[in-house]
Amino acid sequence: MVVMRDVAIAKSEFVPDQKAITKVQDFQELPELFEYCSLPQIVQYVKCFTGPNIMSMHTMLINKPPDAGKKTSRHPMHQDLHYFPFRPADRIVCAWTAMERIDRSNGCLVVLPGTHTGELKQHDYPEWEGGVNKMYHGVRDYDPSLPRVHLTMEKGDTVFFHPILIHGSGMNRTAGFRKAISCHYASSDCYYIDVKGTTQENIEKEVIELALKRYGVEEILLKDAWMAKGRLVQGERINL
Ligand SMILES: CCCCCCCC(=O)SCCNC(=O)CCNC(=O)[C@H](O)C(C)(C)COP(=O)(O)OP(=O)(O)OC[C@H]1O[C@@H](n2cnc3c(N)ncnc32)[C@H](O)[C@@H]1OP(=O)(O)O
Ligand SMILES: O=C(O)CCC(=O)C(=O)O
């Protein structure tokens, strides 16, 4: 499990530690939270994309904090496939469930409809004055005039989306912590790719640096990190 703090709040001396938490990632070994990933109400839709052999690859409990005034609570527009060294993209899907009412005031999801039919684009850190959270890469070039949809969701509403869909989320302008839970699923028939020489090389480099710093692990590839995180939800574990 990785506990992540908002960069602006983590660097402030005045905020109690737990008030800085922006997300808990990789909860696949925590039964109470992992129950979300196998809920029949969710899996019945996931199966339409993955088929019967379903792996959970990435889990997040997102706790977007009240913005500290630096706009770091925003999540830049990105494509999740940037982080994933496995394919095909059409066999990967994200389920994202609102744990309370989420609208523009507390930083709802923003999507660019139809972009899932495009290509994976180059991602980098956005040039934001107030700082950017670690590994929150954004799409370098997308057409800012494309129509945007802000997803207002009620507690328990779930959205399912493709890993090439360009999406992000806005600033939390309220005093509350905006909560959502999500799981990225993939078919266990998916296969790993080598990201060397691709646009994903920069995220692999960061993951390798983090693995060395946090766990003292040397000589890993992006796919090794994912192999360790993946967990079977249903069916048979094949390639992943
Ligand atoms: C990899 C899979 C992604 C899947 C795709 C889904 C889309 C996404 O969610 S993208 C975002 C993914 N982000 C991540 O996975 C990041 C995971 N986070 C982490 O690993 C840690 O929280 C990490 C490395 C940022 C901080 O680790 P932690 O052990 O808490 O650090 P800590 O010892 O307190 O602080 C170390 C330094 O990092 C800084 N820091 C703390 N939090 C952050 C942050 N959010 N961003 C940037 N710097 C930070 C601290 O201020 C400190 O700086 P300094 O050395 O200058 O004093
Ligand atoms: O919950 C959010 O604010 C955005 C989550 C997201 O886009 C992601 O983690 O990929």
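Met-4 stands opposite Lys-23 in strand S2, where a strand is a DSSP run of E with at least two residues, numbered from the N terminus. The model you are looking at is predicted: local features need pLDDT of at least 70, side-chain atom pairs count only at pLDDT 80 or more, and totals for chains, interfaces and linings use all residues. Residues are numbered from 1 along each chain as its sequence is written, ligands are numbered from 1 in the order in which they are written, and side-chain values use heavy atoms, leaving out hydrogens and water.

Let's stay with Met-4 for a moment. Strand S1 covers residues 2–5, with Val-2 and Met-4 on its covered face and Val-3 and Arg-5 on the uncovered one. In a regular strand, side chains alternate between the two faces of the sheet. S1 and S2 (residues 21–25) run antiparallel and are joined by 4 bridges; two strands pair if DSSP finds at least two bridges between them.

Now follow Lys-23 to ligand 2, since Lys-23 is one of the residues around this ligand, meaning that a heavy atom lies within 4 Å. Strand S3 gives the largest share of this shell, 3 residues. Taken alone, ligand 2 exposes 290 Å², and the protein buries 95% of that, with areas from the Shrake-Rupley method and a 1.4 Å probe.

Technical notes:
Buried < 20%, exposed > 50% of the residue type's maximum accessible area, 1.4 Å probe, protein only.
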